[in-house]
Each structure stands twice: as C-alpha cells, then as structure tokens.
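Have the viewer open as you read.

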Amino acid sequence: MAENTGLATITEPSARVQTLRRLLDTVSDRLHPVFAVSRPYVDGIENLPGDGRFLLVGNHTQFGSEVFLISDTVRRTIGTRVRPLAERGFGRMRGLPADLIAAFGAVVGAPETARELMRDDQTILVFPGGGREIAKFKGEEYTLRWQGRAGFARLSVESGYPIVPAALVGGDDVYRSWTTRYGAYGKLSEALGRRLNGRPDMAMPLLRGIGPTLIPRPQRMYLRFGSPIDTSRPLGVDGPQWVELVKDQTQRALEESLADLRALRATDPYRNLNPLAWRDAATP
C-alpha cells in the first residue's frame with residue numbers, strides 16, 4: 001500500500017480534521033492545569049522565533065512525552081501549531097487514527113512534505129533518531145542515535161530555515177531497561193527485528209517501571225530550547241560541507257543541553273514528583 005504523505009492536505013486540512021483539531025485543542029486547554037501540577041521545567045522559550053518559521057530538532061525518549069510537551073509549549077508561547085514529522089509507517093494509517101494524527105499536526109516525515117511545510121513558513125518538529133531512538137537499552141539513556149542522518153540539516157540549508165534544538169530529560173527515567181544491547185537478549189531482539197521487519201536497529205529492550213513492574217515511575221520533565229542555529233550558507237563553503245557542519249552543530253547543542261538538564265535533575269528534590277518537595281522544585 002502506498003504511503004499517504006498528505007501533500008494535498010498539509011496546509012488545508014479537511015473539515016473533519018479541523019473539527020478534531022479544535023476538539024484536541026479544547027481538551028489540551030482543559031487538562032493543562034492537571035499537567036501543570038507536575039511543574040515541568042521549561043527554559044529557553046525566549047529562543048523561539050516569534051514568526052514560527054523554524055525547525056525544532058529534538059531527542060526521543062522511552063516515555064514519548066517530548067512530542068506533546070514541545071508542541072504544547074510552543075503553541076502556548078508563540079501561538080503557532082507545531083507540525084511533527086512522523087515515521088513513514090504512519091502514512092499507511094487510514095480512518096480515524098490517521099485523522100487524529102493529522103489533527104495533532106503531524107505529517108509523514110518525507111522530504112517533499114517537509115519542503116511543503118517550509119514553503120508555508122510553518123513550525124516543524126523532527127527527531128533525526130526516529131523510532132530507533134525510542135527504545136533504549138541499559139546505558140543508552142539520553143543518547144542520540146542519529147547514525148549519520150543529516151536530512152533535516154540538508155532541508156534547512158536548502159530553505160534557509162533556522163534550527164532550534166529542543167532537549168528533553170525525564171522520559172528515559174520513567175522506564176529503564178533490564179538488559180544491554182549487546183547482551184544475549186539484545187542480540188536475540190536484533191535478530192527478531194531483522195527477520196520480522198528488516199530493522200535490526202529497532203530491537204526492543206526488557207523494560208521496568210516501579211520495581212520490577214511496568215507501572216510508570218513518576219518523573220518530572222525538563223525541557224530546554226536552545227539558541228537558534230542560522231543555516232544560511234557562508235560564501236566559500238560548499239553545500240555538503242555546510243550541511244555536515246549544521247548537523248554537527250545541532251547535535252552538539254542538543255547533547256550539551258541534555259547534559260546540563262541531567263545535572264540539574266540530579267540536584268532537584270522534585271525530580272520524582274514528591275509532593276513534599278513541590279515548593280523546592282528547581283525553576284528556570
């Protein structure tokens with residue numbers, strides 16, 4: 001089945017999708033006071049360009065809260081809707097699930113859809129590590145698994161689109177892995193991934209939450225928006241070289257923010273959402 005990249009409806013969604021979008025916004029606004037109780041730590045909002053014309057580059061975590069927290073923070077700060085670039089598998093979805101994803105703003109992460117969004121000056125969110133960055137084995141927490149992916153940098157340079165790194169810490173502490181990637185189980189999981197879908201890089205670890213259970217561990221989230229990275233190519237620098245430099249600069253900025261936030265989290269008495277430490281929680 002061919003993928004539905006949604007090119008025809010990227011900037012002009014159907015009436016059904018627009019109705020679902022208004023419903024999702026209403027639900028999000030009503031639930032915001034509930035989410036606010038966890039006091040997510042957010043800094044760097046002054047780095048968000050007010051015109052909404054920028055590409056957010058983030059890190060995936062086990063818990064997946066980064067997509068919602070980044071998108072909601074941007075919408076509340078500068079009033080623009082973030083358009084996440086989703087895994088290509090989402091392009092095969094149909095019916096209500098596909099409409100809900102579209103209502104949230106997501107589109108298939110293909111070059112042509114990203115170019116269409118950039119032509120329309122929209123706010124875009126991408127995770128260069130993709131789905132393989134979500135499943136973390138023991139010792140891989142908050143590591144970027146880009147493995148040379150530079151498509152986001154190439155498209156940003158091509159369109160002169162600023163990049164804003166968006167680092168999130170907390171999601172990889174909700175669940176932790178029992179196993180390492182190169183242990184017996186990790187190798188077996190990679191072999192199964194290769195056989196079932198041709199993707200050994202999508203191996204799944206054995207996870208635990210509270211104690212040995214899958215009950216999620218309460219964790220505070222820490223989000224930082226870094227300084228915008230100018231992707232305009234200087235005179236005298238060839239295209240491929242500049243793309244690689246932009247990719248490396250983005251990765252370094254994201255890794256530095258992750259390290260800073262982990263250090264902050266280590267000293268924050270409210271990191272495990274202990275109500276008794278609520279008033280002493282670290283603030284930006």
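1. Keep in mind that this is a predicted model. I started with the largest pocket, which has 38 residues in its lining. Leu85, Ala86, Glu87, Gly109 and Phe127 are the ones that lie nearest its centre.

2. Where does that lining come from? Helix H2 (65-78), strand E3 (82-86), H3, helix H4 (111-119), strand E5 (123-126) and helix H5 (151-159) each give two or more residues to the largest pocket. As for volume, the largest pocket comes to about 1,000 Å³. Its lining splits into 23 nonpolar, 8 polar and 7 charged residues.

3. Next, the second largest pocket, with about 670 Å³ of space. Its lining counts 26 residues, and Phe35, Ser38, Pro40, Leu69 and Met221 lie nearest the centre. Here the elements giving two or more residues are H1 and H2, and H2 supplies the largest share, 7 residues. By type, the lining of the second largest pocket has 16 nonpolar, 6 polar and 4 charged residues.

4. Then have a look at how H1 (residues 15-36) meets H3 (residues 95-104): their axes come within 8 Å and cross at roughly 65°. The crossing of H1 and H3 is right-handed. On the H1 side, Arg16, Val17, Leu20, Arg21 and Leu24 make the contact, and H3 brings Leu96, Asp99, Leu100, Ala102, Ala103 and Phe104. The residues of this H1–H3 contact are 8 nonpolar and 3 charged, with no polar ones.

Methods: Residues are numbered from 1 along each chain as its sequence is written. This is a predicted model: local features need pLDDT of at least 70, side-chain atom pairs count only at pLDDT 80 or more; totals for chains, interfaces and linings use all residues. Side-chain values use heavy atoms; hydrogens and water are left out. Axes are lines fitted to C-alpha atoms, for helices over the stretch in contact, and angles run from 0 to 180 degrees between N-to-C directions. Helices (H or I, at least four residues) and strands (E, at least two) are DSSP runs, numbered from the N terminus. A crossing is left-handed if the near helix is turned anticlockwise from the far one by less than a right angle, and right-handed if clockwise. Contact means heavy atoms within 4.5 Å. Ala, Val, Leu, Ile, Met, Phe, Trp, Tyr, Cys and Pro count as nonpolar, Asp, Glu, Lys and Arg as charged, and the others, Gly among them, as polar. On a 1 Å grid over the protein atoms alone, a cavity is a set of points where a 1.4 Å probe fits but cannot get out, and a pocket is an open set with protein on both sides within 12 Å along at least five of seven lines; lining residues have an atom within 4 Å of a point. Grid points are joined across faces, edges and corners, and a volume is the space filled by probe spheres set on the points.
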